Amino acid sequence: MTAKSAAAATRATVHGYPRQGRNRELKKAIEGYWKGTVTADALRDAATELRRESWRQLADAGVLEVPTGDFSLYDHVLDTTVAVGAVPARHRAAVDADPLDGYFAMARGTQDVAPLEMTKWFDTNYHYLVPELGPDTVFVANPAKAVGELAEALALGHAARPVLLGPVTYLLLAKPAPGVAADFEPITLLDRLLPVYAELLSALKATGADWVQLDEPALVQDRTPAELNTAARAYRELGALTDRPKLLVASYFDRLGEALPVLAKAPVEGLALDFTGPAAANLDDLAAVGGLPGKRLVAGVVDGRNIWINDLEKSLATLATLLGLAERVDVAPSCSLLHVPIDAALERDVDPQIARWLAFARQKATEVALLARALREGTGAITADLAANRADLASRAGSPITRDPAVRARTAAVTADDARRPQPYPQRAEAQRARLGLPLLPTTTIGSFPQTTELRLARADLTAGRIDAAAYRERMEAEVREVIAYQEKAGLDVLVHGEPERNDMVQYFAEQLSGYLATRHGWVQSYGTRYVRPPVLAGDISRPHPMTVDWFRFAQDLTDRPVKGMLTGPVTMLAWSFVRDDQPLGDTARQVALALRDEVTDLEAAGAAVVQVDEPALRETLPLRAADRPAYLDWATESFRLATSGVRADTQVHTHMCYAEFGAIMSAIEELDADVISLEATRSHMQVAGELAAAGYPREVGPGVWDIHSPRVPSTEEALALLWAGLAAIPAERLWVNPDCGLKTRGWTETRASLDSLVGAARRLREELAG
């Protein structure tokens, strides 16, 4: 096919769409089901209606091929585990008794059975549930969900393309099941898994699928020759099947690199490639391998992970080049739109100038449809749209909102000494122990306490004007008093004020920093029914006034025990926001770090002996390619040190990380130069403690002993067993006792019971070590 005929065939599509609904209807239905106020049938009906609405929105935007199977009640990787029958042994009885309840048991656990481990989806803030596999795993096809959702879309008259997680990525994301040797490699199960995929593909074809998309994002990471050979073999075998739909193998988040020729040669009918950010290198790489003659290319030229409008003319230039490299070129976002909010048109409170620069999922669907139309009909068909796009881009580039000369001058004046504490850690540790006087195995929490319905109602009442700021402050102060009193009674050693006034650990600060924009309806799924509203980094960042000092001072005045000052670190402020794409991330991180530095020094001046600056996103933001990591880690660790290095030796700096694979950043954890680090460790069975010990980490560590993302209440014996496992790697004089993460999502009943177990375990261990 010529470039001209390839353009004539072009249509718009997407890899996936937000699941929650405009008003988070899915969250409300699922949590209602868990509480017993929504029936299973009502939950399924709500899910069906949300899928229909998503397809309708896409069709109205001009997306003529909609995805199916991307919808999930909790997580698409967990859905794949169900689809291939890889249910862990400890969950089989629950799944057999009730598939829906068993599904949620795998995700959340029960009082008697632990959930699957949860970690970050590549370098995003989405969390997936890690498959647990072993030599005895038997895969069994369960196509019900995939087939059912395809049938729904077809019955509504949509051209639909089912989406499945690819077999290679599924196995590469998996871990050895509990009790299986740690060196077991799930990828060795490929020969058992491929026949199950063959059954799934056959069932989808029988239901009416013309194409099926198999997502293989793991192939954009550095892969060994053996792993690449495995991928080649997987797609040779799937491609050789006779009873299957056409196959579209999709990658996103980065360039395919050495995996591109492997997939280009595979006997599949199409590839979906990302052409945004670092993945723009796919353009030259695709030309270098001779393109995709006779195949379909789904070109991801609209950024599916950020919220800025697309440069339509730049994308059209990329697409024009791609037309000569494939039989057919379709237009798409770079990845699933799961990672952006649904509709920017809902943000009626946003400055109209900034609103022109925003594109959420619905707007991105329109953008890909416009680009596809321009390829089919010529740019004359979208002349007015191109003119409006040029004007919007120029408005942003020239706006004073985006540049603050004072901020830029301060950032430029930063020196290397500003990002280093003057005293070495051993000297600081001695001074901090003398000041704090803590017992062996000190106990603390990560920061937040339960955000009750009453607290949320108070915040809603303030927003709606039903109460004034003074009444709101009074309600929050009452909560802080209760939280401090409870912690003293429970026997915790280092306290927190509980953060009742904070809506979110990033949004709360973004709303007080110049240069940030907060949304009202910009919800994005983090995991399960946990949704966040990432703020928007629209301009240069500064701190007009202290943000937390008054709350710290109020809490510290209530107790003689140390209360932690609590902040969110610069990397996490970027990672959990929609960042600027018009300057390097390191420049933005330095601006945020300087704003936080002012807050840290003000907290110290107010009497804080302990300041915690959380960086849970340090690992998740790590580039997927090893070659890109040193530059990232340089500015990421520097920004943390810049935020925290202005304090005295006897002020103890903590940091916190959770739900990520920490092994790849051990050297960076050391470079942070924090005095104490707390980390998620429960679901991974203290794995991180061994990793820190193997790396020779010399500082104090709090590996979590309570999985706060599950409703389970751990027993004292469970927490004690985890502490003993931690002690096998970390000396008692450097070991802290804490939960995995903040307690915002937990209820007070389970919080009290779980913290009783945690404190009880610490006391028993002290006694055992002393005796």
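Mentor: This is a predicted model. Phe449 and Trp748 are both buried in it.

Trainee: What kind of aromatic pair do Phe449 and Trp748 form, and why is it called that?

Mentor: Their centres are 5.5 Å apart and their planes stand at 35°.

Trainee: Why is the pair of Trp34 and Phe104 called edge-to-face?

Mentor: Their planes meet at 90°, with the centres 5.4 Å apart. Planes over 60 degrees apart count as edge-to-face, so the name follows.

Trainee: How do you know whether Trp34 and Phe104 are buried or partly exposed?

Mentor: Buried means under 20% relative accessible area, and exposed means over 50%. Phe104 has 4%, so Phe104 counts as buried. Trp34 has 26%, so Trp34 counts as partly exposed.

Trainee: What makes Arg473 a charge over the ring of Trp551?

Mentor: Arg473 lies over the face of Trp551, 3.8 Å from the ring centre. The distance limit is within 6 Å, so Arg473 meets it.

Trainee: Where does the charged end of Arg51 sit?

Mentor: Over the ring of Phe71, 5.0 Å from its centre.

Key
Residues are numbered from 1 along each chain as its sequence is written. This is a predicted model: local features need pLDDT of at least 70, side-chain atom pairs count only at pLDDT 80 or more; totals for chains, interfaces and linings use all residues. Side-chain values use heavy atoms; hydrogens and water are left out. Rings of Phe, Tyr and Trp (its six-membered ring) pair if their centres lie within 6.5 Å; planes under 30 degrees apart count as stacked, over 60 as edge-to-face and the rest as tilted. Buried means under 20% relative accessible area, exposed over 50%, partly exposed in between (1.4 Å probe, protein chains only). A charge sits over a ring if NZ of Lys or CZ of Arg is within 6 Å of the ring centre and within 35 degrees of the ring normal.
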